[in-house]
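Trainee: I would like to learn how to read the features of a model, one at a time. Where do we begin?

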Amino acid sequence: MQITLYSVGKTKEQWLEEACAEYIKRLSPYVKFSAEWAKDDAQLIKITQKERLLLCLDPAGEQYTSEDFSALLMKKMEQGGARLGIVIGGPEGLPAVLKTSNSLVSFSKMTFTHQCIRLLLLEQLYRAFEIARGSPYHK
């Protein structure tokens, strides 16, 4: 299985990079994880066009419990042939074309930096796989 994260800008804080690396390591038994960074919205649109299925993080998206997010993730992975692209917009949010043509998920009605949401996303991805396998991590 493969999940690719697409986002504008890279993580700049070392502590945040280390935390993200920890969750990427934890995800490795379940999924190959990679990331592609875009310099702007136009490049983000271009690099996501190769994905068959995208899940976009946006405050206007649907909010899920961790269990429901796990079920959604497993369903999307199946629909995408074990491949899924996940998109985080830059400081201005997602480009309109990505909002209208893909599934939208919201982690909160609050606004987070795109760097912090990466860490939240990685933890929730790990949690989703742990829920799917029935581990006690979620409790």
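Predicted model: local features only at pLDDT ≥ 70, side-chain atom pairs only at ≥ 80, totals over all residues.

Trainee: How many bridges join strand 1 to strand 2, and how many join strand 1 to strand 4?

Mentor: Strand 1 and strand 2 run parallel and are joined by seven bridges. Between strand 1 and strand 4, also running parallel, there are six bridges.

Trainee: Which residues can I use to follow the pairing of strand 3 and strand 4?

Mentor: Strand 3 and strand 4 pair in the parallel sense over four bridges. Leucine 54 has glycine 85 of strand 4 as its bridge partner, and leucine 57 has isoleucine 88 of strand 4.

Trainee: How should I read the two faces of a strand?

Mentor: In a regular strand, side chains alternate between the two faces of the sheet. Take strand 1 as the case: Gln2, Thr4, Tyr6 and Val8 are on one side, Ile3, Leu5 and Ser7 are on the other, and all are buried. Both faces of strand 1 are therefore covered, where buried means under 20% relative accessible area.

Trainee: How many residues of strand 4 are buried?

Mentor: Five of the six residues in strand 4 are buried, so strand 4 is mostly covered, with buried meaning under 20% relative accessible area.

Trainee: Which residues touch the most other members of the largest nonpolar core?

Mentor: They are Ile3, Leu27, Leu73, Ile86 and Leu125, in a core of 27 residues. At least two residues of this core come from each of strand 1 (2-8), helix 1 (14-27), strand 3 (54-63), helix 3 (66-79), strand 4 (83-88) and helix 5 (114-133). Helix 5 supplies the largest share, eight residues. Another core lies apart from this one; its ten residues include Val8, Ala38, Leu54 and Cys56.

Trainee: What does isoleucine 3 touch?

Mentor: Leaving out residues up to four places away in sequence, isoleucine 3 touches Val31, Lys32, Phe33, Ser34, Leu73, Met77, Leu84, Ile86, Leu125 and Phe129.

Trainee: How do I read two helices that pack together?

Mentor: Two packed helices are described by the angle between their axes and the distance between the axes. For helix 3 and helix 5, the axes come within 8 Å and cross at roughly 85°. These two helices are therefore roughly perpendicular to each other. On helix 3 the contact is made by Ser66, Glu67, Phe69, Ser70, Leu73 and Met74, and on helix 5 by Gln124, Leu125, Arg127, Ala128, Phe129, Ile131 and Ala132.

Trainee: How do I read a pair of aromatic rings?

Mentor: A pair of aromatic rings is described by the distance of the centres and the angle of the planes. The structure holds four aromatic pairs. In one of them, the ring centres of tyrosine 23 and tyrosine 126 are 6.2 Å apart with the planes at 55°, so this pair is tilted. Because tyrosine 23 lies in helix 1 and tyrosine 126 in helix 5, the pair ties together parts 103 residues apart in sequence.

Trainee: Is tyrosine 23 buried or exposed?

Mentor: Tyrosine 23 is buried, with a relative accessible area of 16%. Tyrosine 126 also counts as buried, at 12% relative accessibility. Together with Tyr137, Tyr23 and Tyr126 form one aromatic cluster.

Trainee: What kind of pair do phenylalanine 69 and phenylalanine 107 form?

Mentor: Their pair is edge-to-face, at 6.0 Å centre to centre and 90° between the planes. Phenylalanine 69 is in helix 3, while phenylalanine 107 is in the loop between strand 5 (103-106) and helix 5, 38 residues apart. Phenylalanine 69 is buried at a relative accessible area of 3%, whereas phenylalanine 107 counts as partly exposed at 28% relative accessibility.

Key:
Residues numbered from 1 in each chain as written. Heavy atoms only, no water. Core = buried A, V, L, I, M, F, W, Y, C linked by side-chain atoms within 4.5 Å. Buried < 20%, exposed > 50% of the residue type's maximum accessible area, 1.4 Å probe, protein only. Contact = heavy atoms within 4.5 Å. Phe/Tyr/Trp six-rings, centres within 6.5 Å; stacked < 30°, edge-to-face > 60°. Pairing = 2+ DSSP bridges. Axes fitted to C-alpha atoms, helices over the stretch in contact; angles between N-to-C directions. Parallel < 35°, antiparallel > 145°, perpendicular 65-115°, else oblique.
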